[in-house]
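Me: I am new to this structure. Please take me through one part of it closely, then show me what surrounds that part.

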Amino acid sequence: MGGAAVQRVAEPGEVLHRFYATLLKSFGPQGWWPARTRWEVVWGAILTQNTTWRNAALALKNLRRAGLLARRALQRASLREIELHVRPAGFYRQKARTLRYFTGWIENAHGGSLSSIFRQGVQRARAQLLALKGIGPETADAILLYAGQQPVFVADAYTRRILSRHQLLPPAAGYAAAQRFLHQHLPPDAPLFNEFHALLVETAKRFCHRNVAHCEQCPLGPFLEKPNDHSRKPTVTMSCGLSTVS
Ligand code: SF4
């Protein structure tokens, strides 16, 4: 039998699994979410909106010191007191209100039980969370995945940046489109989503920065296409000499 071998193009799901295996081997398990209780996950998901985890962690530390991490304690605290403690996380007035609003809502709608939200199933729980003031898709999904162990991928900016630079997503793909892609090509496996998301965040923080991508040092460097395969408008400098979109 003669003839040239036909090179098989890997399916997106296969590529994602290879990314996952490579990153896990390189960085090891990330142990996310960094919290002692499920309530801490919820408060952390709200506090980390539009800021770094470092700032959110400072706010959480203040709440812990003040004995306000428990839902009831937070519900009883004055808004002024909460504002004072969450100040390091930025947007502190808005975030203090969201924390208080969440404690009131869960008391009224679910008898104060987080488990009660998750028992409704992913779609209903997500719709309820998204209807709350101050809770957007990324926060809702972080709560569902990391506090509720529900199979919902947190398709945050770090995730979208990496997937678009590897041409798995269009550069302008929004949160919902990125999440659809991930759900379509990965099994609905909460521990996988948990670890994979954490590994992508670590990759972005170490190598795949917004304005410069250090591809030569990055474990995902070997997965990049050849320079002449790139057809997109170059806007980001990559240390390996490739150019790609942000
Ligand atoms: S730094 Fe380069 S190789 Fe690493 S994820 Fe970003 S684009 Fe890919």
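Reply: Start with the part to read with care. Across residues 227-235, pLDDT stays under 50. The model still has 14 contacts beyond four places in sequence for this stretch. This is a predicted model, and pLDDT is the predictor's confidence in each residue.

Now step back along the sequence to Phe223. Phe19 touches Phe223, and Leu220 as well. Phe19 sits in helix α1, which covers residues 12-27. Is Phe19 buried or exposed? Phe19 is buried, because 21 other C-beta atoms lie within 10 Å and the cut-off for buried is 20 or more. Phe196 is 177 residues from Phe19 in sequence, yet their C-alpha atoms are 8.8 Å apart in space.

Last, the largest nonpolar core. It has 58 residues, and Val42, Leu47 and Ile143 touch the most other members. Domain 1 (38-147) and domain 2 (157-244) each supply at least three residues to this core. Take Val42 up close. Beyond four places in sequence, Val42 touches Phe102, Ile143 and Ala147.

Methods: Residues are numbered from 1 along each chain as its sequence is written. This is a predicted model: local features need pLDDT of at least 70, side-chain atom pairs count only at pLDDT 80 or more; totals for chains, interfaces and linings use all residues. A nonpolar core is a set of buried Ala, Val, Leu, Ile, Met, Phe, Trp, Tyr and Cys residues joined through C-beta atoms within 7 Å. A residue is buried if 20 or more other C-beta atoms lie within 10 Å of its own, exposed if 12 or fewer, and partly exposed in between; C-beta atoms are placed from the backbone. Domain bounds come from an automatic or database domain assignment. Two residues are in contact if their C-beta atoms, placed from the backbone, lie within 7 Å. Helices (H or I, at least four residues) and strands (E, at least two) are DSSP runs, numbered from the N terminus. pLDDT is the predictor's confidence in each residue, from 0 to 100.
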